[in-house]
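Dear colleague,

Please find below the structure I promised to pass on, together with its sequence. My notes on what was found in it follow directly after.

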Amino acid sequence: PIWPLEDRLNDEEKNRNAAGMCLSSKYEGSDIDFLFKSTYPSFPDIVHCKASCTRLARDCFSLASSRLRRGLCPGVRQDVFFPGFPTLKFLKYDARFEHADVRVFQSASKNASVIFDLEKYSSDTPNVAVVAKQLLGKSCHVGWPHLVEASVCSVETEDTVFKVGTNGKGAQSHPQTQRGRS
């Protein structure tokens, strides 16, 4: 650890290692145009700098504890699905606490984890062929929380795969058994 060596630093080194002023840069477009001299020898000067820089007080990011709210914000709607924000509101599931050796960042969790068991099938679960026909060839967003747009090219279950087909009429679903896939 570095902290035991802190007392060996001189005042200049301690100041260098301390947190400095906060800066906010803003692109100004054609309003300004000046030569910004680099303070580092390995970085070139910026010939046509079009950004302004404002110094901010360090305490401008502080928030009084009285302004913090525990729980839901007023007016939040829990009965609505918002794309991109995961919710369990519309899923059927059972949940329990369990010491399940869940691994987070390659380390086993020390405390009990919340385990969700989603109901596999029910009478109101749509047929996978119907879902595949509705989704194949359409775009969706994947990779929460940093969503990116993706195209649905296949819908799969444990034993069936539906893929996009090209017959001039758009996406078609073609069931195939898993054993037959390569």
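**What was found**

Among the contacts in the protein chain that join residues at least 6 apart in sequence, 31% are between residues at least 24 apart. Please keep in mind throughout that this is a predicted model, and that every value below was computed from it.

To begin with the chain as a whole, its secondary structure comes to two helices and 13 strands. Of its 182 residues, 7% count as buried, and the accessible surface of the chain comes to about 16300 Å², with 55% of that area belonging to carbon and sulfur atoms.

**Charged pairs**

In general terms, side chains of opposite charge can pair when their charged atoms come close. The structure holds four salt bridges, and I describe some of them here. R96 forms one with D117, where the closest N and O atoms are 2.3 Å apart; this pair links distant parts of the chain, since R96 lies in strand 5 (residues 93–98) and D117 in strand 8, 21 residues apart. The side chain of R96 also meets that of E98 in a salt bridge, at 2.7 Å from N to O, and in this way R96, E98 and D117 are linked in a network of salt bridges.

Another salt bridge joins the side chains of D45 and K37, at 3.5 Å from N to O. D45 has a relative accessibility of 33%, so it counts as partly exposed, whereas K37 is exposed because its relative accessible area is 54%, and the cut-off for that class is over 50%.

**Aromatic pairs**

The count of aromatic pairs comes to two. In one of them, Y40 and F43 are arranged edge-to-face, with 6.0 Å from centre to centre and 80 degrees between the planes, and both Y40 and F43 are exposed. The pair formed by Y93 and F116 is likewise edge-to-face, with 5.3 Å from centre to centre and 70 degrees between the planes; it links distant parts of the chain, Y93 being in strand 5 and F116 in strand 8, 23 residues apart. Y93 has a relative accessible area of 32% and is therefore partly exposed, and F116 counts as partly exposed because its relative accessibility is 41%.

S113 has its place in strand 8, which covers residues 113–118. Is S113 buried or exposed? S113 counts as buried because its relative accessibility is 12%, and the cut-off for that class is under 20%.

Which residues does S113 touch, once its neighbours within four places in sequence are left aside? They are R96, F97, E98 and V102, and two of these, R96 and E98, belong to the network of salt bridges described above.

Technical notes. Residues numbered from 1 in each chain as written. Heavy atoms only, no water. Helix = DSSP H or I, 4+ residues; strand = E, 2+ residues; numbered from the N terminus. Buried < 20%, exposed > 50% of the residue type's maximum accessible area, 1.4 Å probe, protein only. Contact = heavy atoms within 4.5 Å. Areas by Shrake-Rupley, 256 points an atom, 1.4 Å probe, with all protein chains shown as cover. Phe/Tyr/Trp six-rings, centres within 6.5 Å; stacked < 30°, edge-to-face > 60°.
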